[in-house]
Each structure stands twice: as C-alpha cells, then as structure tokens.
Amino acid sequence: MRNVNFLVSLIVMFLSGEGCRLKQPDTFLIEYHTSEIQIDGDIDGMEWSRSTTLTDLYSPWAPAERDSTIFRCFFSQKYFNFCFEVIDRTLTVLEYTDEITVAKGDRVELFFSPSSKLSSYYCLEINPNGYILDYKAQLYRKFNYLWNFNHRDIVGKITSTGYVVEGRISLSELKKIDIDLDKGFCLGIFRADFTGENENSVIWYSWLNPHTKDPDFHIPSAFGKCKMKQP
C-alpha cells in the first residue's frame, strides 16, 4: 500500500508541477514556406495551420494562473512571420499617445538576439490594437528607445474572446542586426496580462522559465535558441 501511495504522490506532483511541461528541445526549429502572406489579422490561412506552434506559455511567478495564448511563426522567402492568438477576458488597453503607452497595458512581446550574451538585442512589444513599442537593448536593461524596426508590418485586432496580433519582419532587417537563421539565434516570447487597474496587477507569461524570483525577461535565461528548419 505504501508503494501505491508513493506512486500516486509522484503522479500528482508530475501533473501539478513543471513535470507536465514537455522538455524543450535544445534548438527550436522554425518552419519555412515559400509563399508570402497578407498581414490583415486573419490567421485562418493554410500557412498558419502549417506553421511552428507554441501553446505552453506559462507564468513561473503565478503558477496557479493558466495562459491562453497560441503563438505561431514561420519563415518565408522575405520575412519572419508571426502571430499571437490570445484569450483575455480582462483587456487593459490604454488610449495610445506614444510608444510607452504600449508598456502600460496588455501586450505580447518578441525579443531577438544574435547570441545568449545579449550584448545587443532587439525588442518588439505589441498591444491588442497593433500599436508597438520597439527598441534596442543591452544587458542589463540598457534601453535605446530611439531605435526602431524599419521593415515590419503588424496588425492587431480585438476579438470577442481577446485579441489577435499578426505581423512580419523582413529577413533583410534581421540580417542587419546579425540574426543568423541557419546557425541560430536567440528568441524571447512573452505576454503581459493586466487583471486590474495598476501595474502590479499584471501576470507575466513566458515561453521559458527564466528562473528568477521576480519577473524578468531581460536576461539570457529568458531566451531560447532557434534556427530555420531546412526545407
């Protein structure tokens, strides 16, 4: 009986903790498709159904909260294409006045870095209406808000269940910031979900567990290694 109880305890621990998360591969392979898409907020196309997909963003700092985000991405001949499909019943969207407005409400985030050293990395934060905050950064938290992505198309749509963000960044621009699709690069995938009226009411979701006491995405452990899947 003791052995049975011990086994049951192990199963409960596995299902309730990080054991229920599949082990992430050392390198995350991103699909490649030859066709280009139109960025319009409609993510029902065939390209998205065949894209690389993540459904397990989670919050190490609020483990009882379950995330409802689907992230998809793929490379095409000219672009890195991505979309977020977010279920959110408590949307917090401030009236847009400038880029910093984006950082005060619900949003999704993508961070690109040539390496895990984060000597230079590039951030894109997008609110449900498609407004963006983009900037260049250096470890640790040295932000240059004057820097911008020049070749990106992004659309945000509020839906009956939350919001959708669809976008793309030109491969030529990624090459300029030393993102190597074949040798690999580092990517951060995040979401901020505000549940109240102040900045302390936010739940932070991440693709990976940064293993920090407090939420922090601006460190190497928040990034995962990615590369393009060969056709």
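F223 is buried, with a relative accessible area of 7%; buried means under 20% relative accessible area, exposed over 50%, partly exposed in between (1.4 Å probe, protein chains only). Y121 is buried too, at 0%. This is a predicted model, in which local features need pLDDT of at least 70, side-chain atom pairs count only at pLDDT 80 or more, and totals for chains, interfaces and linings use all residues. Residues are numbered from 1 along each chain as its sequence is written, and side-chain values use heavy atoms, leaving out hydrogens and water.

Let us turn to the rings. The whole structure holds 22 aromatic pairs (ring centres of Phe, Tyr and Trp, the last by its six-membered ring, within 6.5 Å; planes under 30 degrees apart are stacked, over 60 edge-to-face, the rest tilted). F75 and F80 make a tilted pair, 5.3 Å centre to centre with 55° between the planes. Both F75 and F80 are buried. Y121 and F223 pair edge-to-face, at 5.8 Å and 80°.

F80 also belongs to an aromatic cluster whose members include F71, F75, W147 and F185. Next comes the largest nonpolar core, with 38 residues; such a core is a set of buried Ala, Val, Leu, Ile, Met, Phe, Trp, Tyr and Cys residues joined through side-chain atoms within 4.5 Å. F80, F82 and L110 are among those with the most contacts inside this core. Another core, of 15 residues, lies apart from it and includes V102 and L133.
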